[in-house]
Amino acid sequence: MATNIKHNLTYQLTHDLGKAIVTGTYKVNESLPTEAELSVEYDVSRSATREAVKMLSAKGLITSRPKKGITVLPEESWNMFDTDVLGWILSSNPSLKVLKSFTEVRAAIEPSAAALAAVNATDEEIAEIAYALERMKAAETGLDDPLDSDIAFHTGLLKASGNPFIIQLTDFISTALKVSIRYTNATKGATGDIEAHTQILNAIKSGEPDTARQCVKEILDEAIELINSNL
């Protein structure tokens, strides 16, 4: 029980400090309070504080050295593929520039994932994508969540690619989609394009990689164009 409490306190401190760093409460190259001071400020044990500092160091947000203390690292050192780091960034009212950068990553990955899915997807994986599409349709009448169903469709493409490196990106893509889809849908004043997503599914079912690739590319090109028009 005590171990679980320590773990929870460690994670909560990691979360609080991580969010404070990405939102600029602690500036780049600025020193954080010492471990002893953080322990007092956040009312946690020194061991929990030490573990939180190690976790933030592993995520590339800080460096901690004897006699030099804890220093915030520049953004280019942050592990953007860490879902905690990405979540903190996206929960802090991210800029359109950040959303554009993320969508560009999607544009580099998802069309290829869809093309691979058209070749490699199992019947079960196709059924999962089809189910996500049915959820998207239900969401249009308020019978499902429009964001969750859209995310399920796109992460389904990654899983169906059969490529273990692409599949490893599922959590990263899912985390960022929660913000980017919400933004693009709000800007368009609509939920996900059912017809476009149906074309993707049909291309995968028919084993047409080029068509699947192009259909996903068109969706992401539209999203990037939407962001660019508001930058």
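The paragraphs that follow treat the aromatic rings and then the nonpolar cores.

This is a predicted model, in which local features need pLDDT of at least 70 and side-chain atom pairs count only at pLDDT 80 or more, while totals for chains, interfaces and linings use all residues. Residues are numbered from 1 along each chain as its sequence is written, and side-chain values use heavy atoms, with hydrogens and water left out.

A pair of aromatic rings is described by the distance of the centres and the angle of the planes. Rings of Phe, Tyr and Trp (its six-membered ring) pair if their centres lie within 6.5 Å; planes under 30 degrees apart count as stacked, over 60 as edge-to-face and the rest as tilted. Two such pairs are found in the whole structure. The ring centres of Phe81 and Phe172 are 4.6 Å apart and their planes stand at 45°, so this pair is tilted. Phe102 and Phe172 form an edge-to-face pair, with 5.8 Å between centres and 75° between planes. Together, Phe81, Phe102 and Phe172 make up one aromatic cluster. Phe172 is buried, with a relative accessible area of 7%; buried means under 20%, exposed over 50% and partly exposed in between (1.4 Å probe, protein chains only).

A nonpolar core is a set of buried Ala, Val, Leu, Ile, Met, Phe, Trp, Tyr and Cys residues joined through side-chain atoms within 4.5 Å. The largest has 24 residues, and Ile129, Phe153, Leu157, Ile200 and Ile204 have the most contacts inside it. A second, separate core of 21 residues includes Leu13, Ile21, Val53 and Ile89.
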